[in-house]
Amino acid sequence: EIGLDWNDNKDNPLNILLPAYETLWRVVARCLVEVVFRPSADVEWLHILNEFRANPTPVTFSTIQPCKDNVTVEFLVNEALRLYPPTRRIYRHVHLEERQDPELLAADIEQCHRLPHIWGEDSHRYWPARWLEEDESMRKAFMPFGGGDWICPASSGFGTMMIGVLVASSARIISADDWELQLRGEGPDDDSQILDDVTELDSDRHENTAWEIVKRVQ
């Protein structure tokens with residue numbers, strides 16, 4: 001007996017674990033799309049992911065590899081977390097001096113992660129090499145796991161490395177040589193499209209529901 005009321009929304013630990021599990025997979029899926037199916041993706045990204053999968057340590061996660069953009073697995077994951085944060089907005093009840101009752105305020109994490117004056121004019125583009133020039137403003141604006149007293153325990157490094165392992169393992173099975181990502185419209189008569197370098201992926205949980213990964217005909 002552990003003394004928990006499983007029917008209580010606040011007591012039931014699954015109400016904490018399952019949303020976190022769901023949001024992590026959204027990041028994994030979009031990172032996989034960026035490193036495998038974008039035409040501009042560097043094939044060397046797959047090589048460093050595969051090396052990390054074979055030996056997933058903090059060293060192999062953060063060591064710069066001699067690929068086109070000199071990126072690390074950590075850069076690949078951070079860029080996915082920047083564009084597709086697990087939690088797009090964080091809500092808190094705040095007591096303001098001029099109000100008697102607390103007011104619900106929202107921190108727009110997704111917007112912070114795409115501010116052009118911090119991330120560049122191409123802030124909507126997946127470009128891991130931008131982390132080579134990481135500065136203080138980028139560090140302050142990057143909040144995929146929240147911040148302050150309520151920061152997610154996964155921010156210590158476990159969460160980012162887990163995303164790297166899952167993306168690397170998936171990319172080993174799903175390759176652009178054998179599989180094709182098709183973006184279908186919501187209507188039954190809408191034609192499918194192949195992902196290009198311009199199309200932006202939506203980070204909302206209800207978007208991109210019409211994606212299909214289709215086996216190429218040999």
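Leaving aside neighbours within four places in sequence, which residues is Tyr-126 in contact with?

A: First, the ground rules. This is a predicted model, where local features need pLDDT of at least 70, side-chain atom pairs count only at pLDDT 80 or more, and totals for chains, interfaces and linings use all residues. Residues are numbered from 1 along each chain as its sequence is written, and side-chain values use heavy atoms, with hydrogens and water left out.

Now the residue. Beyond its neighbours within four places in sequence, Tyr-126 is in contact with Cys-31, Glu-34, Val-35, Trp-45, Leu-76, Glu-79, Ala-80 and Leu-83. Contact means heavy atoms within 4.5 Å.

Two of these partners return in the nonpolar core. Val-35, Leu-76 and Tyr-126 have the most contacts inside the largest nonpolar core, which has 44 residues. Such a core is a set of buried Ala, Val, Leu, Ile, Met, Phe, Trp, Tyr and Cys residues joined through side-chain atoms within 4.5 Å. Buried means under 20% relative accessible area, exposed over 50%, and partly exposed in between (1.4 Å probe, protein chains only). The elements that give two or more residues to this core are α1 (14-36), α2 (43-54), α4 (73-83), α6 (116-119), α7 (136-141), α8 (158-173) and β3 (179-183). Helices (H or I, at least four residues) and strands (E, at least two) are DSSP runs, numbered from the N terminus. In soluble globular proteins, nonpolar side chains tend to be buried together.

Two of the contributing helices pack against each other. The axes of α4 and α8 are 9 Å apart, at an angle of about 100 degrees. That makes α4 roughly perpendicular to α8, a label for angles of 65 to 115 degrees; under 35 counts as roughly parallel, over 145 as roughly antiparallel, and the rest as oblique. Axes are lines fitted to C-alpha atoms, for helices over the stretch in contact, and angles run from 0 to 180 degrees between N-to-C directions. On the α4 side, Val-73, Val-77, Asn-78 and Leu-81 meet Thr-160, Ile-163 and Gly-164 of α8.

The side chain of Glu-34 meets that of Arg-38 in a salt bridge (2.7 Å, N to O). A salt bridge is a side-chain nitrogen of Lys or Arg within 4 Å of a carboxyl oxygen of Asp or Glu. Both Arg-38 and Glu-34 are buried, with Arg-38 at 10% relative accessibility. Arg-38 lies in the loop between α1 and α2. Glu-79, Arg-82, Asp-122, Arg-125 and Arg-130 are linked in a network of salt bridges. One of its pairs is Arg-125 with Asp-122, whose closest N and O atoms are 3.6 Å apart. Arg-125 is partly exposed at 44% relative accessible area, and Asp-122 is partly exposed at 26%.

By this rule the count comes to 9 salt bridges. Another joins Arg-216 to Glu-180, at 3.3 Å between the closest N and O atoms. Arg-216 lies in the segment after β5 (211-215) and Glu-180 in strand β3, so the pair ties together parts that are 36 residues apart in sequence.
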